[in-house]
Amino acid sequence: MAGLRIGVIHGPNLHLLGQREPSVYGTRSLAEIDAAVATLATELGVEVEAFQSNHEGRILDHLTDVAGGTDGFIVNAGALTHTSVALRDGLVGVGRPFVEVHLSNTAAREPFRRDSYLSSVAVGVVYGFGPQSYLLGLRGLVSHLRRTARSDAPND
Ligand code: DQA
């Protein structure tokens, strides 16, 4: 199926990628990650639109603004992952499936990063693969959307 539209949401501080804690997050900039996601999207035959904000409310407004024309989201909420009931409620509220992604292996870091308000309402979660987490997440989301559009067939 062609014509799927995927929104990519980057939360606080992800605009600093490339300079921010490179030993944890790597040296690639957000623009480079967005470009890699766009290249994969073309290969998969879907459209992507990326959005970054450091502001929780802006992310919530963006979700509401674009959800009508979006089939699903890739979400790296940054620290909001561990703090934001509002983001969880917003994602559930707009009613679009999403995959939670993280560059770092959040389970292997400080204890406060082990809890996510998003994971239990996500289609799936990918963490620890650096920028590849976004690409794996996109593949998983597109597969999920195509499968659920076909029928309610089990995983394949
Ligand atoms: C992150 C992990 C979060 O714990 C952190 O607050 C971030 C980045 C990641 O991609 O590894 O900002 O989401």
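**Notes on the serine and the ligand site**

1. Leaving aside neighbours within four places in sequence, Ser-84 is in contact with Glu-56 and Tyr-117, contact meaning heavy atoms within 4.5 Å. This is a predicted model, in which local features need pLDDT of at least 70 and side-chain atom pairs count only at pLDDT 80 or more, while totals for chains, interfaces and linings use all residues. Residues are numbered from 1 along each chain as its sequence is written, and side-chain values use heavy atoms, with hydrogens and water left out.

2. Ser-84 belongs to the loop between strand E3 (72–76) and helix H4 (85–94), and with a relative accessible area of 1% this serine is buried (under 20% relative accessible area, 1.4 Å probe, protein chains only). The side chain of Ser-84 reaches the backbone nitrogen of Leu-87 at 2.8 Å.

3. Around the ligand are Arg-20, Tyr-25, Asn-76, Gly-78, Ala-79, His-82, His-102, Leu-103, Ser-104, Thr-106 and Arg-113, where a residue is listed if one of its heavy atoms lies within 4 Å. By class, this shell has 3 nonpolar, 6 polar and 2 charged residues.

4. Ligand oxygen atoms lie 2.8 Å from a side-chain N or O atom of Asn-76, 2.8 Å from one of His-102 and 2.6 Å from one of Ser-104. Taken alone, the ligand exposes 320 Å², of which the protein buries 99%; accessible areas come from the Shrake-Rupley method with a 1.4 Å probe.

Terms used
Helices (H or I, at least four residues) and strands (E, at least two) are DSSP runs, numbered from the N terminus. Buried means under 20% relative accessible area, exposed over 50%, partly exposed in between (1.4 Å probe, protein chains only). A polar contact is a pair of N or O atoms within 3.5 Å; within protein, one must be able to donate a hydrogen and the other to accept it, and residues adjacent in sequence count only if both atoms are side-chain atoms. Ala, Val, Leu, Ile, Met, Phe, Trp, Tyr, Cys and Pro count as nonpolar, Asp, Glu, Lys and Arg as charged, and the others, Gly among them, as polar.
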